[in-house]
Amino acid sequence: MTTLNLGEAMCSHSLKILLIEDNLAETELIEELLAEVDSDLSFELTAFNRLEEGLDYLTRQEATQCSIEVILLDLSLPDSKGLGTIAEVKAKAPYIPIVVLTVLDDETVALEAVRQGAQDYLVKGNFDGELLARAMRYAIERQMDVIALKQQAEREKLLGKISERIRQSLDLKEILEVTVAEVRQFLNAERVLVCRTQSDNSGIVVVKSVASCDRPLWNPEVAAALNIVVQQSSNSEVIEFGENVAGEELEKEQMDLIANSLVKSLLTVPIWQCEPTLKGKNEELQGENFLWGMLVAQHHNHFQEWQDWEINFLQHLATQVAIAIQQSELYRQLEIANERLREIANIDSLTGVANRRQFNQVLIREWRRLAREGQPLSLIMCDIDYFKKYNDYYGHPAGDKALKKVSGAIADAAQRSADLAARYGGEEFVVILPNTDYLGAKAVAEKIRSYVRAVRIPHAQSTVSQYVTLSVGVATIIPLISQSPQILIKAADTALYQAKAQGRDRQVQVIL
């Protein structure tokens, strides 16, 4: 969207007018009337006697970003369609005000011309130069008001769209990508990016929207300079750089740095975040602002004087982006907390291996999966030999330490990612071995017993060894959907009982 600065003529003391009028005498009369106007404002008149020529001129001027401020339009052109001519001209130059010139002194026609988009309606022969100049000036002012209202509506629509996306999405990268793309299109900027501030004040580009790629994307030294200026500035948070504007915040060295990076116009707005800290006598929780990054709009091919509404617009967006960042961070922390809670719910607090709850969940899941696949499932059930005597002799704190060492050895022996070592209760441990036949289960069981013996935990009250040992029951089955996993647990428990009955410090295996 290209919007013309319709107030530019008032500053340059030159009003550029396009006249489309087929009557040469009327054209000469308008030139004479404007020449007689007593004003500091001069007039540059370009005239065409056919609508087609005038529309072609507007097309060429749009391509070169011309600054025609007002159009004087005759409705009685040979190639025009009366009031429909206004719509044709508006289609070519939607932001340039139109003052209709006509011989028809008809209030109904005048009202319809305004409805079609004209800003004023003058009857030929009924106005002088002063009236014509005043009509054009008011037309420009009214058109500026129309454009301002339209831009405000579009800004509010875009802000609403981004705000809605923030509410609906927790994906920060997606939110930022949509934001820079929408902003670049809305501001007609060559580049819009979000830059994240690093610990050394340099900046890395998080997301970007780029119209062309013929120049370096971002200079880290420029980012560092801007970051330092923003953090040190107490008066202004916005940094503006252009042909005639270089912000009081920037020193000559910093301005040269930006210019040398091939940036002709730059507008950057900081994105602040609040980091909670404990301060004060009562250790109250207070917020401390830090510079998270910047929202940056750039032009490399032409200079641009940034308008107040553009600055305000980016400031509002920076606030929305800050909310999105905070929301994303809170969600991330919540996910970490939830994951920790899930871990706590499934982990035995003493030994750090899976607890009975997680064992039951995994066993049911693997039972169903392997029943569908027709693959074997093995279960190892271990019991520390004479553990009650161990606790009575060494004490419960030593018993807890022994449980931790034994559980660690069991977990180390069950090395596959699909295997699960869990505390079943007291001094009993279980190991689920998916896709494992009886030979594989037997090997793992021996490995577990070997690992536990290698820890060499003294056990003076054991009658089978001077160190802690395990009795192990192993059961293997190809599950059926019609059966319950309890059949496998019962079989492993029976095998464990047999291992104890046969003298302990051994394994007994059953195949179902």
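Select Leu363 to begin: this residue counts as buried because its relative accessibility is 2%, where buried means under 20% relative accessible area, exposed over 50% and partly exposed in between (1.4 Å probe, protein chains only). Leu363 sits in helix H11, residues 356–373; helices (H or I, at least four residues) and strands (E, at least two) are DSSP runs, numbered from the N terminus. The model is predicted: local features need pLDDT of at least 70, side-chain atom pairs count only at pLDDT 80 or more, and totals for chains, interfaces and linings use all residues. Residues are numbered from 1 along each chain as its sequence is written, and side-chain values use heavy atoms, with hydrogens and water left out.

Next, show what surrounds Leu363. Apart from neighbours within four places in sequence, Leu363 is in contact (heavy atoms within 4.5 Å) with Leu377, Ile432, Pro485, Leu488 and Ile489. Leu488 is 125 residues from Leu363 along the chain, and their C-alpha atoms are 9.8 Å apart.

Now colour the sheet. Its 5 strands run in the order E12-E13-E11-E14-E15, forming an open sheet with mixed pairing; two strands pair if DSSP finds at least two bridges between them. At the edges are E12 (420–425) and E15 (507–511), each pairing on one side only. On average, neighbouring strands of this sheet are turned by 20 degrees against each other, direction ignored.

Zoom in on E12 and E13 (residues 428–434), which are antiparallel and joined over 5 bridges. Here Gly425 stands opposite Glu428 of E13.

Then select helix H14, residues 438–455. H14 lies across E11 (377–384), E13, E14 (470–477) and E15, and runs at about 165 degrees to E14. Axes are lines fitted to C-alpha atoms, for helices over the stretch in contact, and angles run from 0 to 180 degrees between N-to-C directions.

Move to Tyr331 in helix H10, residues 308–346. Tyr331 is partly exposed because its relative accessible area is 35%. Together with Leu170 and Leu334, Tyr331 makes a nonpolar surface patch of about 260 Å².

Finally, zoom out. The protein has 15 helices and 15 strands, and 45% of its 512 residues count as buried.

Methods: Patch = residues over 30% accessible without salt bridge, like charges linked within 9 Å, V, L, I, M, F, W, Y side chains within 5 Å. Areas by Shrake-Rupley, 256 points an atom, 1.4 Å probe, with all protein chains shown as cover. Salt bridge = Lys/Arg side-chain N within 4 Å of Asp/Glu carboxyl O.
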